[in-house]
Amino acid sequence: MQKGKIGVTTENIFPVIKQFLYSDREIFLREIVSNAVDATQKLKTLASKGDFKGEMGDLKVTVTVGKDTITVSDRGIGMTASEIDKYINQIAFSGANDFLEKYKNDATAIIGHFGLGFYSAFMVSKKVEIITKSYQEGSQAVKWSCDGSPEFQITDSDKADRGTDIILYLDDDSKEYLVESTIQGLLKKYCRFLPVQIACGKKKEWKDGKEVETAEDNIINSVEPLWTRTPSELKDEDYKNFYRELYPMSDEPMFWIHLNVDFPFHLTGILYFPKIKSNLDLQKNKIQLYCNQVYVTDSVEGIVPDFMTLLHGVIDSPDIPLNVSRSYLQSDSNVKKISGYITKKVADRLSQIFKNDRKEFETKWDDVRLFIAYGMLTEEEFYGKMEKIALFKDTDGQYFTYEEYKKLIEGSQTDRNKSLIYLYATNREEQYSFIEIAKNKGYNVLMMDGNLDVALIGMLEQKFAGNSRFLRVDSDSIDNLIAKDDVVKTELPDGQKRMLTKVFSSRLPKIEKADFHVDAQSLGEQSLPVMITCSEYMRRMKDMSAIQSGMSFYGEMPDMYTVILNRDHKLVKKILEDAGAACDAKVKPEDEKLSALKDRQAELRKAREGKKDEDVPQAEKDEMTEIEGKINATESIISDIYSEYASTNDVVSELIDLALLQNGMLKGEALAAFIRRSVELI
């Protein structure tokens, strides 16, 4: 019997493992089973080279859950006593303090960096035994035992067959792992694609109304996952079936990319394009990362560009270490090369579909545009690859490349300042009337209703050559959105414009965080009598605040609306005529007072020109204050006259409510009042 101390430069290795690996301790099973698979693969390699001539027999790895133990058994190459001493007892480990400081927050890095895979068993075990026999002829079976202190024992054993049994005697605080279904779940998570069969328990079947155990081993894994096979031997249905295996509850993918590269790094995998409608976060973390078919993580932000995390599938590369820290990943040269390669392959696949079958690409566009927009916004290189094939979709459902659309509209939608105006809508139903007004003018309107379209619009305005602007179709009257030289505007006389704006202003509702400005414009007899618009700048800033940190203050600002009165419409003309008949006689004397007051105000201001405040006589200051008060009072009287008239004209309120209703701003009590009034007017 041999006794000794495990070769470490600090004697607190086991408390370190237990303390700092506790949160990730379930990986113990991955490490032990991976070692068993490695031992089995090594035996296969020796046999293929003729260095092992014995019977291979059943090579599956078996995981058995006992009352107090978990046993992982393989029929691989096994170990001799000297190999145990070399590979198990001599842990290359130095600088305990540096180790603790560097890796205390990164459990998996401890194991991966220091080759401590086997010792992860002590995260859950109070004692670990190894019973092993080398494949080499005449080898003596040996048993290694350690109770979690640096001391170990090696004794001869009577194991008849080659291979290794790892027996874990679980701690009292790790009893949850003594449930077979729990262990099966961990094996499915970490080992479902290992290249050697993994058995745990027996298959079950329903018999006489209850589930019973059969004699057949329950094989956890698929030893030849799809990404390890040659693409030419696979059919579409194979890829779809594998996707269903990975994501049982998901919709069918649209298309996929089979990755396979040997130089300058090794990478295999399959990436699927799911149907992406919205909600970025729900779609993330669906790419599974493997290292030689051993599951590592599904959080791959450091390995692929962030927008790629919207894809689903599998990436397998031995050049990405099995256990690494996030900061290591982001600085690793291989990882950067892999990231660039994946980006290129995805861009090439999208370009291939576009070039080979434009119609098919268009049918998939609504489901991939969020992904493409995300990539174009965050990766300059990806934008360069996509700008020729990215599509616009208009409100009639027609698709155009950026260049095609520019040629379509540059003849009609260039304004008098030589700006090319891209009109867009975000909701076809809510903005229908504005869309129709634009189309009646011969203009085209884009649908920009995606989650990232507001950010994409800002980027495209900078990317597009020349003076290009995106304007939402309901952000102003169409003649203001695309102002032309040949449009002759005639203004209402000041008195009539004031009367019209005062009448309508008096009936506007008080809505929290909403400010209204009333303006009278000539929109044509066929246009709506009243429209409510919101400026492009303010709306865009508020939309950006919802998706971009640091802009939240825009979200707190009130919405600034313009109520546009179409003075060409017969209803507005009638209100103007009726208001004049009802109010002119009352307003005239007030206007005469107002005119006299403003004349005197102008005289006093002229007298002040060139004087310092202290040189102005106090009597003049007092008179100016008095005049300003009288002006305000007189203007208030005039407003009250128009307001009193407006309160008796239900058509004014009806037109305002119709405009509010069109913008989704008429609710609750105001909506009920509108319905009652509408019935009475009918």
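Biologist: Is glutamate 129 buried or exposed?

Modeller: Buried means under 20% relative accessible area, exposed over 50%, and partly exposed in between (1.4 Å probe, protein chains only). Glutamate 129 has 6% relative accessibility, so it counts as buried. This is a predicted model: local features need pLDDT of at least 70, side-chain atom pairs count only at pLDDT 80 or more, and totals for chains, interfaces and linings use all residues. Residues are numbered from 1 along each chain as its sequence is written, and side-chain values use heavy atoms, with hydrogens and water left out.

Biologist: Which side chain meets glutamate 129 in a salt bridge?

Modeller: A salt bridge is a side-chain nitrogen of Lys or Arg within 4 Å of a carboxyl oxygen of Asp or Glu. Here lysine 143 is the partner of glutamate 129, at 3.5 Å, N to O. Strands are DSSP runs of E, at least two residues; helices are runs of H or I, at least four; both are numbered from the N terminus. Lysine 143 sits in strand β5 and glutamate 129 in strand β4, so the pair ties together parts 14 residues apart in sequence. Lysine 143 is partly exposed, at 28%.

Biologist: What does aspartate 217 pair with?

Modeller: Lysine 202, at 2.7 Å, N to O. Aspartate 217 lies in strand β9 and lysine 202 in strand β8, so this bridge links parts 15 residues apart in sequence. Aspartate 217 is partly exposed at 22%, and lysine 202 is partly exposed at 30%.

Biologist: How many salt bridges are there by this rule?

Modeller: The count is 41.
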